[in-house]
Amino acid sequence: MTEPVHRSLLFLIPLLIVGLQALIGFGVYQAFPDWATRGQFGDVFGVVNALFSGLAFAGLIYTVFLQREELSLQRKELELTRLELQRTAKAQEQSEIALRAQAEAALQSARLTTTNALLEHYRVELSRFKMLNLPGSDPRRVQVKELEVREQTLLAILDSLYVQISSEEIGNE
């Protein structure tokens with residue numbers, strides 16, 4: 001059944017039951033002349049009343065068992081959800097570790113690339129000056145000395161970066 005039809009039946013059925021009871025009550029009132037006779041006729045249905053009360057109580061007990069089963073299923077679902085959340089958290093932690101390692105590798109790569117580019121630039125400049133065969137009194141010789149010092153500094157930096165990267169790779173294995 002569709003949802004609107006289902007809701008209209010839930011409203012219509014109790015209304016029909018109340019209407020039927022009112023009709024029966026009116027029929028009994030008209031069929032029997034006095035209250036004593038009407039009371040005796042009502043007592044005939046005492047067993048039916050007890051039966052329906054017992055069925056209502058059994059329905060209540062059945063409902064409690066259904067709710068208990070539903071709660072048990074919800075507890076199991078919550079436990080599975082907790083386990084899945086724990087697995088997700090562990091995976092996210094591992095992803096964070098991998099991302100940090102990747103960022104560190106990118107930083108090391110950038111340092112190496114920059115240092116290598118500077119070293120290449122200084123070497124080109126040095127070779128240009130060396131081709132000129134500068135006399136001893138030329139003021140550009142000071143620039144040559146500075147470039148040689150920078151070249152040596154950059155070589156030292158490259159060596160330290162190499163040692164650092166090598167030790168990290170050995171530590172990661």
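Leaving aside neighbours within four places in sequence, Arg141 is in contact, meaning heavy atoms within 4.5 Å, with Leu134, Pro135 and Gly136. I begin with Arg141, which is found in helix α4, helices here being DSSP runs of H or I with at least four residues, numbered from the N terminus. Because its relative accessible area is 39%, Arg141 is partly exposed, on a scale where buried means under 20%, exposed means over 50% and partly exposed is in between, with a 1.4 Å probe and protein chains only. Arg141 and Phe129 are twelve residues apart in sequence, and their C-alpha atoms are 8.5 Å apart in space.

Residues are numbered from 1 along each chain as its sequence is written, and side-chain values use heavy atoms, with hydrogens and water left out.

As for pLDDT, which is the predictor's confidence in each residue from 0 to 100, its mean over the protein chain is 85, and 94% of the residues reach 70 or more. Where pLDDT is low, the predicted coordinates should not be read in detail.

Let me turn to helix α3, which covers residues 46-131, 86 residues in total, and reaches 125 Å from its first C-alpha to its last. That is close to the 128 Å expected at 1.5 Å a residue, the expected span being 1.5 Å times one less than the number of residues. Its buried residues are Gln108, Thr115, Leu119, Tyr122, Glu125, Leu126 and Phe129.

Why does Gln108 count as buried? Gln108 counts as buried because its relative accessibility is 4%, and, not counting residues up to four places away in sequence, Gln108 touches Leu161, Gln164, Ile165 and Glu168.

Just after α3, Asn133 takes a positive phi of about 50 degrees. Leu134, again leaving aside neighbours within four places in sequence, is in contact with Phe129, Arg140, Arg141 and Val144. Asp138 has its place in the loop between α3 and α4, and Asp138 counts as buried because its relative accessibility is 14%. Asp138 and Leu20 are 118 residues apart in sequence, and 124 Å apart in space from C-alpha to C-alpha.

Which residues make up the largest nonpolar core? A nonpolar core is a set of buried Ala, Val, Leu, Ile, Met, Phe, Trp, Tyr and Cys residues joined through side-chain atoms within 4.5 Å, and the largest one has nine residues: Leu119, Tyr122, Leu126, Phe129, Leu134, Val144, Leu147, Leu154 and Leu158. The elements that give two or more residues to this core are α3 and α4, the latter covering 140-172.

Finally, I come to the aromatic rings. A search of the whole structure finds two aromatic pairs, where rings of Phe, Tyr and Trp (its six-membered ring) pair if their centres lie within 6.5 Å, and planes under 30 degrees apart count as stacked, over 60 as edge-to-face and the rest as tilted. Tyr29 and Trp35 form a tilted pair, 5.9 Å centre to centre with 55 degrees between the planes. Phe32 and Phe41 also form a tilted pair, at 4.9 Å and 40 degrees. Trp35, at 65% relative accessibility, counts as exposed, whereas Phe32, at 23%, is partly exposed.

Note on methods:
Predicted model: local features only at pLDDT ≥ 70, side-chain atom pairs only at ≥ 80, totals over all residues.
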